[in-house]
Amino acid sequence: MALTLLIILQKYNKKMIGWDEILHKNMPKDIVLQSWRGREAMIKADGTSYAIKTKLGVNLCISKIFKYYNFTKGKNLSNPAEVVGDFYPKIDNARKYDLSIDDTKDFFQALYNYSHIKFRNFFIWSMHGFRKGEIMKLQYEWINWDKKTITIPKECTKARFECEHKLTPLLFNTLDTSRTDGYIFSADHNIYKPLSTTSTNVHFHKAIRKLPYDNLLLHQCRNAITMVAKN
């Protein structure tokens with residue numbers, strides 16, 4: 001437990017100065033959470049402040065640790081991260097999707113006609129509304145070949161509940177029907193290792209490079225589906 005939490009915080013510990021130790025071992029099977037100075041502590045070595053997004057990331061991590069500790073240990077420690085979080089301004093980081101129906105058609109055609117078959121198939125799943133992270137976790141053992149469905153476990157979904165999806169003919173055609181295990185979209189030389197986020201992003205931008213639109217993301221396929229359905 002302690003090792004896991006320290007790994008989570010490692011990148012922040014290396015970058016930031018001036019804040020108290022958050023965790024330390026008190027007994028072999030227990031963890032004591034120490035005080036946290038809060039937003040004033042999150043400064044760089046030269047005294048300048050870190051970006052709001054970085055502070056919020058640390059704040060969220062600390063908050064989760066306190067909540068987990070209280071839940072598993074039956075404690076009711078005050079969570080300083082919840083109070084400190086109120087000082088941060090709200091950030092609107094939502095990507096706006098303002099393509100027309102015709103533009104959306106061009107967007108989907110560019111993904112559907114991409115020359116690299118593995119990533120073309122990946123994009124087809126995205127065009128069915130699946131999140132990129134969900135697609136990267138998909139495994140053959142989740143497929144019911146008789147019903148032509150795939151059931152994603154709750155721990156692999158953003159909503160945190162089990163989801164069963166019907167495999168449309170397009171989705172079914174992306175599958176290797178001879179396989180029963182491993183990732184559906186695996187690394188080139190290891191079926192038990194998923195595709196990397198970097199390679200997925202690189203091929204997405206290659207697929208849409210001829211389109212005259214800026215700042216498109218693969219996740220916006222979900223926005224496109226909603227927009228088309230609404231119209």
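Glutamate 134, if we leave out residues up to four places away in sequence, touches Cys156, Thr157 and Lys158, where a contact means heavy atoms within 4.5 Å. This glutamate is found in helix α6, and helices here are DSSP runs of H or I with at least four residues, while strands are runs of E with at least two, both numbered from the N terminus. Glutamate 134 is also buried, with a relative accessible area of 10%; buried means under 20% relative accessible area, exposed means over 50%, and partly exposed lies in between, with a 1.4 Å probe and protein chains only.

Before I go on, a word on the model. It is a predicted one, in which local features need pLDDT of at least 70 and side-chain atom pairs count only at pLDDT 80 or more, whereas totals for chains, interfaces and linings use all residues. Residues are numbered from 1 along each chain as its sequence is written, and side-chain values use heavy atoms, with hydrogens and water left out.

As for the whole protein, there are 9 helices and 7 strands, and buried residues make up 38% of the 231 residues. Among the contacts with a separation of 6 or more, 57% come from residues 24 or more positions apart.

Let me turn to the core. In soluble globular proteins, nonpolar side chains tend to be buried together. A nonpolar core, as used here, is a set of buried Ala, Val, Leu, Ile, Met, Phe, Trp, Tyr and Cys residues joined through side-chain atoms within 4.5 Å. Which members of the largest nonpolar core touch the most other members? Among its 39 residues, they are Phe107, Leu111, Phe123 and Trp125. Two or more residues are given to this core by each of α4 (101-112), α5 (117-126), α6 (132-137), β4 (149-152), α7 (169-172), α8 (197-207) and α9 (220-230), and α5 provides the largest share, 5 residues. Looking at leucine 111 in particular, and again not counting residues up to four places away in sequence, we find that it touches Arg120, Phe123, Met127, Phe204, Ala207, Ile208, Leu218 and Cys221.

Leaving aside neighbours within four places in sequence, threonine 197 is in contact with Lys132 and Met136, and its C-alpha atom is separated by 8.3 Å from that of methionine 136, 61 residues apart along the chain.

Now the aromatic rings. Rings of Phe, Tyr and Trp (its six-membered ring) pair if their centres lie within 6.5 Å, and planes under 30 degrees apart count as stacked, over 60 as edge-to-face and the rest as tilted. By this rule the count comes to 9 aromatic pairs. In one of them, phenylalanine 107 and phenylalanine 204 have ring centres 6.3 Å apart and planes at 80°, so the pair is edge-to-face. Phenylalanine 107 lies in helix α4 and phenylalanine 204 in helix α8, so this pair ties together parts that are 97 residues apart in sequence. Both phenylalanine 107 and phenylalanine 204 are buried. For phenylalanine 122 and phenylalanine 123, the centres are 6.5 Å apart and the planes are at 85°, so this pair too is edge-to-face. One aromatic cluster is formed by Phe107, Phe108, Tyr114, Phe122, Phe123, Phe185 and Phe204.

Finally, the sheet. An open sheet of 3 strands has the order β3-β4-β5, with antiparallel pairing, and two strands pair if DSSP finds at least two bridges between them. β3 (143-144) and β5 (163-166) stand at the edges, each with a single partner strand, so one side of each is left without a neighbour in the sheet. β3 and β4 pair over 2 bridges, with isoleucine 143 having isoleucine 150 as its bridge partner and asparagine 144 standing opposite threonine 149. The hairpin of β3 and β4 has 4 residues between the strands, and there lysine 148 takes a positive phi near 55°. Between β4 and β5 there are 4 bridges, and the bridge partner of threonine 151 in β5 is glutamate 164.
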